[in-house]
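Trainee: I would like to learn how to read the surroundings of a ligand. Please take me through one example.

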Amino acid sequence: MRRPDLRDKTAIVTGSGRGIGRAAALKIADCGARVIVTARTENQIDAVAQEILNQGGDAKSIRADVSREADVHQLFEAAGNVDILVNNAGVIWPIDLLANSDPAAWRQSIDINLTSVYSTMREALPGMLTRGWGRIVNVSSGSARGTVAGWSAYSAAKAGVEAMTSVAAREVADSGVTINAVRPGIVDTELQVEIRSSSEEQFTSENVERYRSYPDRGLLRPPEHPASLILWLLSPEADNVNGELLVLDDPDVAARVGLTPMGR
Ligand SMILES: NC(=O)c1ccc[n+]([C@@H]2O[C@H](COP(=O)([O-])OP(=O)(O)OC[C@H]3O[C@@H](n4cnc5c(N)ncnc54)[C@H](OP(=O)(O)O)[C@@H]3O)[C@@H](O)[C@H]2O)c1
């Protein structure tokens with residue numbers, strides 16, 4: 001993959017205080033973009049922004065809870081013109097069988113994982129369309145289709161993200177703006193730690209055994225892998241890619257960004 005030249009671009013990467021978002025923010029900054037590092041935990045976003053500055057890049061940390069419409073609006077007001085939006089913020093919780101689940105937690109998960117993607121795209125699109133260039137990458141999950149007991153909110157939200165990506169991509173066709181979704185595979189982040197700490201009552205003994213086995217079996221990808229796929233979507237090679245779902249566990253997709261497939 002040729003490294004994209006992102007000088008003069010501003011990128012917002014949601015959920016960039018750690019994990020996949022942090023890795024994406026670092027790679028995007030390394031290509032010259034000014035990166036807005038955002039999430040709820042202030043010390044994490046400050047540390048990532050500082051890391052970028054220490055490496056000679058340009059970054060600013062802005063605290064925002066993406067499930068809150070007002071926070072999202074303020075984030076975009078503070079950012080100025082946004083050319084690149086990576087919708088990465090997400091939570092796996094609540095992990096609970098549907099019959100035992102808490103409706104308030106369920107709705108909050110949908111607000112974080114799905115409604116936020118609507119809110120940020122709604123903020124970003126007018127400016128991108130006026131300027132005739134924009135890149136939006138929405139981070140989905142294999143569980144949008146390959147469902148897991150206990151993950152009703154997460155799976156429903158990610159299926160919604162994929163459907164909304166497809167709708168929004170149609171709406172911007174031939175405008176210079178592209179909107180795509182990625183499934184990162186199973187990645188070594190806090191989110192997987194949370195999954196491994198869930199109990200049999202929350203998501204069945206079979207799932208507990210399966211997810212707890214991944215580290216020993218060497219099946220967790222580093223966050224830099226999905227970050228490379230996100231970066232590829234910002235490169236000229238992907239200029240004509242719009243409305244696609246790119247699955248990192250697909251060997252062809254992995255090869256396109258210079259990665260090897262992970263067998264599971
Ligand atoms: N790890 C995997 O195996 C995997 C697989 C498939 C898809 N994904 C997706 O990848 C994305 C990144 O996850 P990750 O694995 O890197 O997990 P992570 O390490 O837990 O990072 C999640 C990020 O999202 C932020 N976030 C959560 N709720 C937020 C909110 N309400 N407002 C703003 N930011 C919020 C978190 O920061 P704060 O808590 O400080 O706000 C954190 O920076 C998610 O969309 C996830 O669904 C991950």
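Trainee: How many residues surround the ligand, and which are the closest?

Mentor: A residue is near a molecule if one of its heavy atoms lies within 4 Å of it. Here 30 residues surround the ligand, and the closest are Arg-40, Thr-41, Asn-88, Tyr-154 and Thr-189. This is a predicted model, where local features need pLDDT of at least 70, side-chain atom pairs count only at pLDDT 80 or more, and totals for chains, interfaces and linings use all residues. Residues are numbered from 1 along each chain as its sequence is written, and side-chain values use heavy atoms, with hydrogens and water left out.

Trainee: Of what classes are the residues in the shell?

Mentor: Ala, Val, Leu, Ile, Met, Phe, Trp, Tyr, Cys and Pro count as nonpolar, Asp, Glu, Lys and Arg as charged, and the others, Gly among them, as polar. The shell around the ligand holds 13 nonpolar, 12 polar and 5 charged residues.

Trainee: Which side-chain atom of Arg-40 lies 2.7 Å from the ligand, a polar or a nonpolar one?

Mentor: A polar contact is a pair of N or O atoms within 3.5 Å; within protein, one must be able to donate a hydrogen and the other to accept it, and residues adjacent in sequence count only if both atoms are side-chain atoms. In Arg-40, a polar side-chain atom lies 2.7 Å from an oxygen atom of the ligand. For Thr-41, a side-chain N or O atom is 2.4 Å from a ligand oxygen. For Tyr-154, the corresponding distance is 2.6 Å.

Trainee: How much of the ligand's accessible area does the protein cover?

Mentor: Accessible areas come from the Shrake-Rupley method with a 1.4 Å probe; for residues, only the protein chains shown count as cover. The protein covers 97% of the 880 Å² that the ligand has on its own.

Trainee: Which elements give two or more residues to the shell?

Mentor: Helices (H or I, at least four residues) and strands (E, at least two) are DSSP runs, numbered from the N terminus. The elements in question are α1 (19-30), α5 (152-171) and α6 (190-196). The largest share, 3 residues, comes from α6.

Trainee: Where is the cis peptide bond?

Mentor: The bond from Trp-93 to Pro-94 is cis, with omega near 0 degrees. Pro-94 lies in the loop between β4 (84-87) and α4 (103-131).
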